Amino acid sequence: MQSTSIEPERRALDQVVQRFRAALPPNSVITDPQQLRTYECDGLASYRVVPAVVVLPETAEQVREIVRTCAEHGVPFVARGAGTGLSGGALPHSSGVLVVTAKMRRILEIDLANERAVVEPGVINLDVTRAVADQGYYFAPDPSSQQVCSVGGNVAENSGGAHCLKYGFTINHILALEVVTPDGDVVELGGPARETAGYDLLGAFIGSEGTLGVVTKITVRLLRKPESVQTLLAGFPSTDEAGAAVSAIIADGVTPAAIEMMDALAIEAAEQAVQCGYPEGAGAVLVVELDGPAAEVEHTFAEVERHCGAHGAFEIRVAADDHERAMIWKGRKSAFAAVGRISPDYIVQDGVIPRTALPEVLGRIARLSAESGVRVANVFHAGDGNLHPLVLFDDSEPGANERAEQVSGAILDLCIEHGGSITGEHGVGADKVKYMGRMFTADDLDTMQRVRCAFDPAGICNPGKVFPTPRLCGEVPGPRRGVHPLTEAGLAEQF
């Protein structure tokens, strides 16, 4: 019985591989088992699946041919950018095709008169800014991984970054997309103007985590570099004082470009990794950056210094030049990787709470850590309440992974309890599927699934992600009876 069910699947894969080899350049189709293991996970290495086939297209036309072939044979496919995601969103399908866009790295057009550029999905985030920096422009979204993550991946996850407090997420900086739909059609979403008529399909696609199609071309907004930039580092006795300072700054009507917080454990890791020289003995530090017209920055910067001092900052440093600014940011930007210096394993969590709930939630996290014996390092976008708790453990210790997972889940429950979200920028992917039912009702999830089915009625585009036990397209909404067909087929889990 087992061989009978597997044979059609193998035949379909053999047929698509033959088509791929005919349509793609040499060495663009990978089927060797050892080479396939290179792509078994994204930045969340605790989830691993070896794909059946990996393809590396170089053009939009090749992507279209790949997707059409998969659609014709009913073979699932997953798009992958640089593989830096932290939610398992690019986790491969064991019986499917992984479409890697890393070779699509061309900046196709720079139009400074209209403040935009057109890039392929594999272009590295920071390379967009590098291409226009000499002319006084930059690309605003700045994930901590911006030196290695791709713009296509940023679109899939609607990535944020330190400066999203003032400038918004990826969605605020995308004008248009060229997309290959799950049936192999090429469509344009959005347009060169900042507003378009009709439904906001561009908004629906950005942040859809690769479940609605494969992006092949991206028109991004470019911003002029601000006249003045000032960066401040403030050391506080604890996160309570630092959090109070953040609330006071925002309540005063000041909108910094960024307000980032790190607690003592995160500071310890950063010091070991990059020797960033943060204030000695600090229980928390704030990195605050303001930009804009020089007169405005000068005035608001004085207000920020005043609020930090009034709420217990024992040391305040102001960057005198670009080098000092880079050193202040170096500790924050390296924080995730730096934690590897103080713990052999860790979970990078990503939840959102109202900014005013910061003191209470951070206190609850500290109690969770103390009660469970699981250390938690906190580093996050304090200005908009986007938490990134780093749950530390040693996988070689029996039961340590399970305890860390329990603490990680409890932190997400705290976010939901306080009116927040289970993800701010890393996405749901494979990692947080089981938490979707805690945040949304069954009717909510059914409605979202209908949107997905409108784009992908065959259910072959990044299946098993985002939705817990997804409904089959066309399935009648309502309570389920018995085992879901996708669960029975091993393509989804029941939560």
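This is a predicted model: local features need pLDDT of at least 70, side-chain atom pairs count only at pLDDT 80 or more; totals for chains, interfaces and linings use all residues.
Figure 1. The C-alpha centres of domain 1 and domain 3 lie 37 Å apart. Seven residues from domain 1 and eight residues from domain 3 take part in the contact. The domain assignment places domain 1 at residues 8–100, domain 2 at 107–224 and domain 3 at 228–432.

**Figure 2. The interface between domain 1 and domain 3.** About 590 Å² is buried between these two domains, and carbon and sulfur atoms give 59% of that area. On the side of domain 1, Tyr47, Leu86 and Ser87 lose the most area to domain 3, together 80% of what that side buries. The residues of domain 1 that touch domain 3 are four nonpolar and three polar, with no charged residues. Zero salt bridges are found across this interface, while four residue pairs are in polar contact.

**Figure 3. The surroundings of Asp350.** Asp350 sits in the loop between strand 16 (345–348) and strand 17 (351–352). Its relative accessible area is 0%, so Asp350 is buried. The side chain of Asp350 makes a polar contact of 3.0 Å with the side chain of Asn386, and it also reaches the backbone nitrogen of Gly424 at 3.0 Å. Beyond its neighbours within four places in sequence, Asp350 is in contact with several residues, including Leu387, His388, Leu412, Thr423 and His426.

**Figure 4. The salt bridge between Lys432 and Asp350.** The side chains of Lys432 and Asp350 meet at 3.9 Å, N to O. Lys432 lies in the loop between helix 14 (400–417) and helix 15 (436–439), and Asp350 in the loop between strand 16 and strand 17, so the pair ties together parts that are 82 residues apart in sequence. Both Lys432 and Asp350 are buried.

Figure 5. Glu61 is partly exposed, with a relative accessible area of 44%, whereas Arg64 is buried at 17%.

Figure 6. Asp127 has 30% relative accessibility and counts as partly exposed.

**Figure 7. A network of salt bridges.** Arg19, Glu65 and Glu72 are linked in this network. The structure holds 23 salt bridges.

Note on methods: Residues are numbered from 1 along each chain as its sequence is written. Side-chain values use heavy atoms; hydrogens and water are left out. Helices (H or I, at least four residues) and strands (E, at least two) are DSSP runs, numbered from the N terminus. Buried means under 20% relative accessible area, exposed over 50%, partly exposed in between (1.4 Å probe, protein chains only). A polar contact is a pair of N or O atoms within 3.5 Å; within protein, one must be able to donate a hydrogen and the other to accept it, and residues adjacent in sequence count only if both atoms are side-chain atoms. Contact means heavy atoms within 4.5 Å. Domain bounds come from an automatic or database domain assignment. Buried area is the accessible area (1.4 Å probe) that two parts lose on being put together, summed over both. A salt bridge is a side-chain nitrogen of Lys or Arg within 4 Å of a carboxyl oxygen of Asp or Glu. Ala, Val, Leu, Ile, Met, Phe, Trp, Tyr, Cys and Pro count as nonpolar, Asp, Glu, Lys and Arg as charged, and the others, Gly among them, as polar.
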